[in-house]
Each structure stands twice: as C-alpha cells, then as structure tokens.
Amino acid sequence: MRAALGQAIWQVSTPATHPDGTPYRSIGMKDLKKLCQGRGLSGRDGQIAALEAGVVPERYARNVRVYSLEEQVALLRSSVCVVGMGGLGGTVVEVLARLGVGTLLLVDGDIFDESNLNRQFLSQEQALGKPKVQEAATRVGAVNSSVVVHVHQCYLNEDNTLSILGDADVAIDCLGGLKDRFVLEGATKQAGCPLVSAAVAGLSGHVTTIFPSDPGLQVIYGDPLSLPTQGAESSLGCLPQITTLLAALECSEATRILLKKRPLLRHQLMVIDLDDMGAEVLDLQRG
Amino acid sequence: MVAHIELKLFASLKAYLPQEAERFPITSGESVEALIKRLGIPLDDVKLIFIDGIRADISSVLWGGERVGVFPPVGGG
C-alpha cells in the first residue's frame with residue numbers, strides 16, 4: 001500500500017527546478033491532500049510518503065537544499081514541546097510549523113493582553129483576551145495544516161509537566177519569568193528530553209542547550225530557591241527584535257538536535273546584546 | 001599596581017557602566033567582588049560573571065588585560 005501510494009504521488013508529481021536550475025519532482029498541497037483523503041491518511045503522513053518517494057512537497061522546496069529529503073522526513077516525524085506562547089514562543093511555533101516539524105505540543109495558560117502586542121507575533125488587536133495557546137494552534141493550522149498540534153491550556157507545575165512533555169524529542173523553553181523554567185527543566189531531565197532555553201531583557205538576551213545530564217539552569221541563575229520571580233525584564237521590558245532573534249536561535253539549535261547533529265550551545269551560553277550588536281558564545285564550564 | 005580591564009555590563013546592569021568601561025582601571029589582584037562593589041552594583045543583582053569568555057565567580061581575581069562580563073538574571077520571553 002505504501003509502495004502504491006508512493007507510485008500514485010510520483011504519477012501526480014511534476015518536474016520542477018530549484019532557482020539555480022537543479023531539477024526535482026514536486027507535488028502541490030492540493031494534489032497531495034486529495035491523494036491522502038482518498039486513502040484516509042493525514043496530511044503529515046502524505047508529506048512523509050511523498051518525500052520517501054523522492055517527491056518534494058512544494059511547500060518544503062526551499063528547505064530541501066539545506067536539509068535532505070530524509071532530514072525533512074525526520075523533522076516531520078519529530079515532536080517538539082514549546083512552553084510559553086509569548087514573544088519567544090510565538091516565533092518558535094511559526095518557524096517550526098514552516099520547517100515542517102510534524103508534531104507540536106503547545107503549552108500556556110495565559111491570555112493575550114495589550115502589553116503583548118509589542119513583541120508577541122501571535123497577539124493581535126482582535127485576539128486580546130483570547131487564550132494564547134488557542135491562537136497558536138489556529139496559526140499553525142493556517143500556516144501548515146499537516147502539523148499535528150496538541151494544546152495544553154495550563155501553566156506548568158510539578159504535577160503536570162512530565163505528562164505534557166510525553167515523548168517529545170526536544171522541549172523549548174519560551175517562558176517568561178525565572179522560576180517556572182526550573183519546573184520545566186526538572187521534568188525534561190526526568191523525561192530524558194533535551195531542552196533549549198532562551199531569555200531576554202531589554203535589547204539583550206541569551207540562549208543555551210541543556211541535556212538531561214547537564215547541570216543546566218542553575219549554572220546561569222544560581223539556586224532557584226533564592227531567585228526573584230522575575231529578572232531584569234521587570235525593569236527593562238522586552239523588545240521584539242531581540243525576542244524574535246533568540247526565538248530563531250532556539251529553533252536552529254532544536255532543529256540540530258532533532259536531526260541528530262551536534263548541538264552547538266551545550267555548556268555554552270550565546271549572548272546577544274543589540275545595544276552594541278555584540279554576539280558572543282560564552283563557556284559555562286568554570287575556568 | 002594599576003591595571004586595566006575591558007568591562008561589559010548587561011541588561012539592567014548597564015545603568016552602572018562607568019565611562020571608561022573599555023579600559024577600566026583596577027588594582028592588579030582585585031577580586032571581581034571588590035570590582036562589583038566599587039561599581040555600586042548590588043551583589044544580589046549579579047548572577048553570572050565571565051572572564052575572557054569563561055564562567056568565573058565573584059571570588060575570581062583580576063590582574064589586568066581581562067575582558068569581564070557581568071549579568072543580572074534575565075528571564076523575559
């Protein structure tokens with residue numbers, strides 16, 4: 001049946017060329033959807049079947065010069081848990097949906113308010129008062145309806161985090177504030193799930209990668225028990241350019257992990273300060 | 001003995017940045033803690049210290065010529 005589907009996809013596909021003239025076989029969204037519906041398959045399964053048959057779903061045509069078709073399949077088979085649907089999370093969700101990460105677990109208990117409009121891409125005037133996570137799910141559906149979305153409209157706590165994480169391949173910390181980050185990190189360590197974590201204040205921010213065996217957030221923030229609820233962002237706010245940049249960096253690192261490439265920010269803290277266009281990767285292992 | 005460091009303060013700590021931060025005078029052998037106090041930064045506001053790109057702590061000693069970065073806790077999203 002798999003072979004028959006591959007064959008059907010190949011027959012419907014058309015020859016196409018990349019902008020540099022390199023040829024490939026392409027299938028459009030509508031044709032692929034039709035083939036899937038007739039066979040009771042999900043859009044994601046259809047995209048995987050196409051790639052396995054050597055046909056590029058046209059929506060990924062600009063991905064597959066950097067990622068191989070096998071890697072695009074790996075992304076479609078991957079599951080990422082994004083915690084926090086604010087400034088970082090909104091951009092992370094957008095990027096992962098467009099990359100074609102197949103399953104997204106979206107977590108946030110908050111609703112949009114007016115102060116979110118400066119940086120949170122999922123917020124818009126008509127969505128004020130609406131749950132962030134529902135807006136996120138709607139956005140993913142509009143951008144890439146083949147992505148499977150699991151919505152968790154709640155805040156993380158010691159009891160729910162592990163079950164929300166499920167068997168996610170990577171978790172991305174897009175939380176605001178300091179303390180909940182440790183709750184998330186604790187659960188990822190228990191679940192054996194790598195975590196990519198970013199935080200911003202004003203025009204600066206940092207991003208790092210934490211594997212379950214790594215010392216993790218405590219190296220950056222010190223003892224969680226002696227931490228205030230919020231950091232420097234409480235006095236500086238958060239600007240959209242740094243938030244968006246760090247979200248993109250989180251996605252880049254998470255994608256490397258999903259594709260079994262060496263993570264670049266483990267035991268490292270990438271620090272960006274847009275006040276002086278400074279970018280530096282600092283060594284978190286004590287000298 | 002007077003020496004100099006390159007000082008970088010991040011986020012909310014920028015308010016304490018001295019004018020001559022790119023060539024800030026220290027006493028050779030001065031600790032990071034003494035430096036932070038001299039700058040008027042509350043110790044509680046300091047979470048991360050880097051010397052020449054490698055994590056250090058407030059007891060680390062400066063001799064001159066180092067690049068020193070000091071961070072407050074940053075948690076916005």
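The structure is a predicted model, in which local features need pLDDT of at least 70 and side-chain atom pairs count only at pLDDT 80 or more, while totals for chains, interfaces and linings use all residues. Residues are numbered from 1 along each chain as its sequence is written, and chains are lettered from A and ligands numbered from 1 in the order in which they are written.

**View 1. Chain B as a whole.** Chain B has 1 helix and 7 strands; helices (H or I, at least four residues) and strands (E, at least two) are DSSP runs, numbered from the N terminus. From the N terminus on, the order of elements is β-β-β-α-β-β-β-β. Along the principal axes, the C-alpha atoms of chain B fill a box of roughly 45 × 25 × 20 Å. Of the 77 residues of chain B, 40% are buried, a residue being buried if 20 or more other C-beta atoms lie within 10 Å of its own, exposed if 12 or fewer, and partly exposed in between, with C-beta atoms placed from the backbone. Among chain B contacts between residues at least 6 apart in sequence, 60% join residues at least 24 apart; two residues are in contact if their C-beta atoms, placed from the backbone, lie within 7 Å.

**View 2. Helix 1 of chain B and its cover.** B:Val32, B:Leu35 and B:Ile36 of helix 1 (residues 32-39) of chain B are buried. They lie on the same side of helix 1 of chain B, because they cover an arc of only 95° around the axis; the arc is that of the directions from the helix axis to the C-beta atoms. An α-helix has 3.6 residues a turn, so residues three or four places apart point the same way. The cover over the buried residues of helix 1 of chain B includes strand 2 (24-27), strand 4 (48-51) and strand 7 (67-71) of chain B. B:Gly40 follows helix 1 of chain B and has a positive phi, near 85°.

**View 3. Chain A as a whole.** Chain A contains 11 helices and 11 strands. The C-alpha trace of chain A spans about 65 × 45 × 40 Å along its principal axes. Of the 287 residues of chain A, 47% count as buried.

**View 4. Strand 4 of chain A and its two partners.** Strand 4 (residues 79-83) of chain A is largely enclosed by the rest of the structure, because 5 of its 5 residues are buried. A:Ser79, A:Cys81 and A:Val83 point one way, and A:Val80 and A:Val82 the other way. Strand 4 of chain A pairs in the parallel sense with strand 5 (residues 103-107) of chain A over 5 bridges; two strands pair if DSSP finds at least two bridges between them. A:Cys81 stands opposite A:Leu105 in strand 5 of chain A. From strand 4 the chain passes through helix 5 (residues 87-99) of chain A to strand 5, in a right-handed β-α-β crossover; right-handed means that, with the strands pointing away from the viewer, the path from the first strand over the helix to the second runs clockwise. Strand 4 of chain A also pairs in the parallel sense with strand 7 (residues 170-173) of chain A, over 4 bridges, and A:Val80 has A:Val170 as its bridge partner.

**View 5. Strand 8 of chain A.** Strand 8 (residues 195-201) of chain A has 7 of its 7 residues buried, so it is largely enclosed by the rest of the structure. A:Leu195, A:Ser197, A:Ala199 and A:Ala201 lie on one side, with A:Val196, A:Ala198 and A:Val200 on the other. Strand 7 and strand 8 of chain A pair in the parallel sense over 3 bridges, and A:Ala171 has A:Leu195 as its bridge partner. With helix 8 (residues 179-191) of chain A, these strands make a right-handed β-α-β unit. Strand 8 of chain A pairs in the antiparallel sense with strand 9 (residues 204-210) of chain A over 7 bridges, where A:Val196 stands opposite A:Thr209. Strand 8 and strand 9 of chain A form a hairpin with 2 residues between them, and A:Gly202 in the turn has a positive phi of about 65°.
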